[in-house]
Amino acid sequence: MADRTGHAVVVGAGLSGLLTAQVLARRFARVTVIERDTVTGEAGAFRAGVPQARHVHIFWSRGLAAMDALLPGTVAELEAAGASLVGAPEEMRWLSPAEWFTGVTGASYLSVSRELLEATLRHRVLDGSPSITLLDRHEVTGLVAADGTEAVTGVRFRERGEVGQEATLDAELVVVAAGRSSRPAQWLTQLGRPAPAVERIDAHLGYSSRYFRRPDTGTGWKAMYLQGNAELPRGGVMNPIDGGRWLVTLIGQGAHQPPVEEKAWWAYAASLRSDELARALADAEPLSDPVAFRATANEWTHFERADRPPRGFLVVGDALCRFNPVYGHGMSVAATQAQEIARQLSTLGAAQFAARSGEIQRAVAQRARGAWAIATGEDRCYPDVEGPTPGLLTRLQQGYMGRVLATSNTDPLVAEALFAVLSLNRRPESLLSPRIMSRTTRRRNGSGSSNSKRL
Ligand SMILES: Cc1cc2nc3c(=O)[nH]c(=O)nc-3n(C[C@H](O)[C@H](O)[C@H](O)COP(=O)(O)OP(=O)(O)OC[C@H]3O[C@@H](n4cnc5c(N)ncnc54)[C@H](O)[C@@H]3O)c2cc1C
């Protein structure tokens with residue numbers, strides 16, 4: 001295209017980095033994606049830069065639609081390679097904090113290994129956009145600025161393992177998509193810029209996960225989710241993934257952290273609110289030892305609130321805002337942020353986009369709002385949560401959500417409304433419509449209202 005100009009650097013070749021690079025290549029003449037891990041060569045291998053890959057990942061329908069709008073046909077390709085679309089809750093055994101979902105339909109999600117998802121995205125993005133270069137085994141160590149600190153004009157980086165051998169790469173735009181462990185705020189302060197405000201809410205959830213070979217015999221359901229509640233904050237989720245496998249994650253809150261030792265793992269699986277998961281696994285062959293993940297806090301670094309944001313700088317995905325993973329929203333938010341960048345680029349050239357990156361940062365951050373409200377609204381009601389104490393309004397919302405959840409277990413209309421929110425297709429406020437409120441408050445026992453802490 002004649003109007004492609006300039007160079008953009010994307011830090012990180014995870015889900016967010018790949019989708020963002022694909023979109024930027026529509027307007028920038030060159031896009032360089034710098035990735036710390038080795039990602040070329042062996043397709044679909046586990047890598048250290050994405051440790052969460054070993055734990056259950058569900059990709060809700062809103063995020064899938066965003067990804068497929070950017071890269072048409074991706075979902076079909078993933079399904080052909082063994083990923084499963086799951087109707088939630090109708091194709092599942094799903095025990096909510098109140099009771100089993102029965103006779104209701106909701107939304108859908110894709111269950112897929114992170115390895116297959118990323119390998120598919122990598123080949124689609126890189127094969128489809130020759131102007132994108134992937135520089136793997138290289139790590140970005142900081143930013144370069146010109147004009148005082150008014151504009152970011154590149155990155156400092158080095159080959160992995162080559163301590164001291166730093167080089168710089170100039171760019172009109174730098175997008176940080178380096179995930180939950182990255183610290184782009186520090187890179188900004190190293191340039192002499194003020195540190196952005198950080199909001200953090202930690203409900204202290206822990207995961208312990210392992211793979212099983214999926215038995216040939218049909219189960220009548222595709223996936224299982226046993227949620228914990230206030231009385232027993234222990235849960236378990238079991239999803240079909242590519243390679244004829246189940247990925248099974250045990251989830252616990254506070255003192256109920258799920259173990260990784262073999263015997264203790266099985267004992268924990270048998271101690272959930274139902275023994276269905278343990279029974280389903282009894283004859284399944286484990287393919288791996290359990291591994292743990294504990295850093296599940298919600299954390300939003302508010303780059304979008306900067307008074308005078310530097311030009312040519314954007315932060316996306318988990319590097320901007322990460323969520324307690326139990327709600328399954330991070331990938332969907334990342335995909336909708338890439339869609340927002342595409343929307344902005346539909347009217348802006350590369351130079352204008354870089355010049356207005358502060359404004360665009362606000363629009364991108366906006367895409368995290370719904371998922372943030374869901375995750376933090378729920379998490380703030382745990383007794384030992386770290387973060388601001390919930391006010392009366394939050395507590396009222398929580399009580400109401402408990403009633404919505406309990407009603408949705410058997411009421412098709414409320415279930416449709418709830419899953420539209422959980423899948424990010426509708427805003428959380430939509431649950432306050434008179435139609436939903438009247439059906440929800442009509443329920444006399446209010447079962448679940450004090451039990452709604454979800455795992
Ligand atoms: C246990 C767990 C379970 C989850 N379950 C779900 C789920 O069910 N559904 C869902 O939607 N989301 C889930 N998430 C969230 C999801 O994993 C993230 O939202 C998603 O991976 C974000 O993508 P990203 O590209 O921003 O970051 P990542 O996927 O983490 O990718 C970041 C990339 O940047 C690279 N990198 C880091 N630093 C540098 C550097 N300095 N230089 C170069 N490269 C660098 C890394 O190697 C990595 O490749 C879960 C998260 C966790 C922790």
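Helix H1 (residues 15-24) packs with helix H8 (residues 330-345) at an angle of about 15 degrees, their axes lying 9 Å apart. Hello everyone, and a word on the ground rules before I go on. This is a predicted model, so to speak of local features we need pLDDT of at least 70, side-chain atom pairs count only at pLDDT 80 or more, and totals for chains, interfaces and linings use all residues. Residues are numbered from 1 along each chain as its sequence is written, and side-chain values use heavy atoms, with hydrogens and water left out.

Now some terms. Helices (H or I, at least four residues) and strands (E, at least two) are DSSP runs, numbered from the N terminus. Axes are lines fitted to C-alpha atoms, for helices over the stretch in contact, with angles running from 0 to 180 degrees between N-to-C directions.

Back to our pair: H1 and H8 are therefore roughly parallel to each other (angles under 35 degrees count as roughly parallel, over 145 as roughly antiparallel, 65 to 115 as roughly perpendicular, the rest as oblique). On the H1 side, the contact (heavy atoms within 4.5 Å) is made by Leu15, Ser16, Leu19, Thr20, Val23 and Leu24. H8 brings Met331, Ala334, Ala335, Ala338, Ile341, Ala342 and Leu345. By class, that contact of H1 with H8 has 11 nonpolar, two polar and no charged residues. Here Ala, Val, Leu, Ile, Met, Phe, Trp, Tyr, Cys and Pro count as nonpolar, Asp, Glu, Lys and Arg as charged, and the others, Gly among them, as polar.

H8 also meets helix H2 (residues 61-70): the axes come within 8 Å and cross at roughly 40 degrees. H2 and H8 are therefore oblique to each other.

Leu413, Val414 and Ala417 of H13 meet Arg435, Ile436, Arg439 and Thr440 of H14, giving four nonpolar, one polar and two charged residues.

On to the ligand. Which residues are the closest to the ligand? They are Glu35, Arg47, Ile58, Arg114 and Asp318, among 35 residues that surround the ligand (a heavy atom within 4 Å). A polar side-chain atom of Glu35 sits 2.6 Å from a ligand oxygen atom, and an N or O atom in the side chain of Asp318 is 2.7 Å from an oxygen atom of the ligand. At Val56, a polar backbone atom is 3.3 Å from a nitrogen atom of the ligand.

Last, two backbone details to look at on screen. The peptide bond from Ala88 to Pro89 is cis, with omega near 10 degrees, and Pro89 is in the loop between strand S4 (84-88) and strand S5 (92-95). Arg137 has a positive phi of about 60 degrees although it is not a glycine; Arg137 belongs to the loop between strand S7 (132-135) and strand S8 (138-146).

Methods. Polar contact = N/O pair within 3.5 Å; in protein donor to acceptor, adjacent residues only side chain to side chain.
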